[in-house]
Amino acid sequence: MTLIISDSKKTAEAKMQAICDLLRENVEYYDWVGFYFKNGDKQELLLGPYAGEATDHTVIPFGKGICGQVAESNQNFVVPDVSAQDNYIACSITVKSEIVVPLFKNGENIGQIDIDSNTPDPFTAEDERFLEWVNQQVASIV
């Protein structure tokens, strides 16, 4: 991860893409990994680099779905069973669980990392701490 972040030949977007690819390839239950970022002054998120199946959810209004809720709450959101969430935006019928961790820069929530899993309830406190660390690394390049 630190080699990706410190690579001066890559753009921030290329580095984030490499991080998504690395996480998806190396964590068995990370089936879709992507970044969403706040769209300027608008109350919406725009899809950034991601690894996994293509998604129609390239713009997510604040408050909508798990990602939209994290944009408002500034808190990690772990969903062990997406079917139990009323405000879940279904990306794929194979997704069983999700974790979203906000990305802060200078104390401001500028985006988030979103991970979907086809495994029920795989995310632990260790995943949360790890993804918080990943976001700290990403904050240094955006």
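In which helix does N135 lie? N135 lies in helix 4. This report starts from the overall fold and works back to that residue.

**The model**

This is a predicted model, in which local features need pLDDT of at least 70 and side-chain atom pairs count only at pLDDT 80 or more, while totals for chains, interfaces and linings use all residues. Residues are numbered from 1 along each chain as its sequence is written, and side-chain values use heavy atoms, with hydrogens and water left out.

**Overall build**

The protein has 4 helices and 6 strands. Both kinds of element are DSSP runs, numbered from the N terminus: helices are H or I with at least four residues, and strands are E with at least two. Their order from the N terminus is α-α-β-β-β-α-β-β-β-α.

A compact globule of 142 residues would have a radius of gyration near 14 Å, and the protein agrees, with 14 Å. That radius is taken over C-alpha atoms, and the globule rule is 2.2 Å times the number of residues to the power 0.38. The C-alpha atoms fill a box of roughly 45 × 35 × 30 Å along the principal axes.

Of the 142 residues, 46% count as buried. Buried means under 20% relative accessible area, exposed means over 50%, and partly exposed lies in between (1.4 Å probe, protein chains only). The protein exposes about 7,400 Å², and carbon and sulfur atoms supply 49% of that area. Accessible areas come from the Shrake-Rupley method with a 1.4 Å probe; for residues, only the protein chains shown count as cover.

Among contacts with a separation of 6 or more, 48% are between residues 24 or more positions apart.

**The strands**

Two strands pair if DSSP finds at least two bridges between them.

| Strand pair | Bridges | Residues standing opposite |
|---|---|---|
| Strand 1 and strand 2 | 5 bridges | F37 and L46 |
| Strand 2 and strand 3 | 3 bridges | L46 and V59 |
| Strand 4 and strand 5 | 3 bridges | F77 and V100 |
| Strand 5 and strand 6 | 9 bridges | V100 and D114 |

Strand 1 and strand 2 have 5 residues between them, and G40 in the turn has a positive phi of about 55°. Strand 5 and strand 6 have 2 residues between them, and there N106 takes a positive phi near 55°.

Strand 5 has 7 of its 9 residues buried, so it is largely enclosed by the rest of the structure.

**The helices**

Helix 2 covers residues 12-26. At 1.5 Å a residue, its 15 residues should span 21 Å; its end C-alpha atoms are 21 Å apart, which agrees. The expected span is 1.5 Å times one less than the number of residues. Buried in helix 2 are K15, M16, A18, I19, C20 and L23. The buried residues of helix 2 pack against helix 1, strand 1, strand 2, strand 6 and helix 4.

Helix 3 (residues 65-73) has its own buried residues: G65, I66, C67, G68, V70 and A71. Their cover includes strand 1, strand 2, strand 3, strand 4, strand 5 and strand 6. After helix 3 comes N74, with a positive phi near 60°.

**The cores**

A nonpolar core is a set of buried Ala, Val, Leu, Ile, Met, Phe, Trp, Tyr and Cys residues joined through side-chain atoms within 4.5 Å. The largest one holds 26 residues, and I19, L23, Y30, F35, I113, I115 and L131 touch the most other members. Helix 1, helix 2, strand 1, strand 5, strand 6 and helix 4 each supply at least two residues of this core. Helix 2 gives the most, with 5 residues. Another core lies apart from this one; it has 17 residues, among them Y36, F62, C67 and F77.

**Back to N135**

Is N135 buried or exposed? At 3% relative accessibility, N135 counts as buried. Leaving out residues up to four places away in sequence, N135 touches F35, V101, P102, L103 and I113.

Terms used:
Contact = heavy atoms within 4.5 Å.
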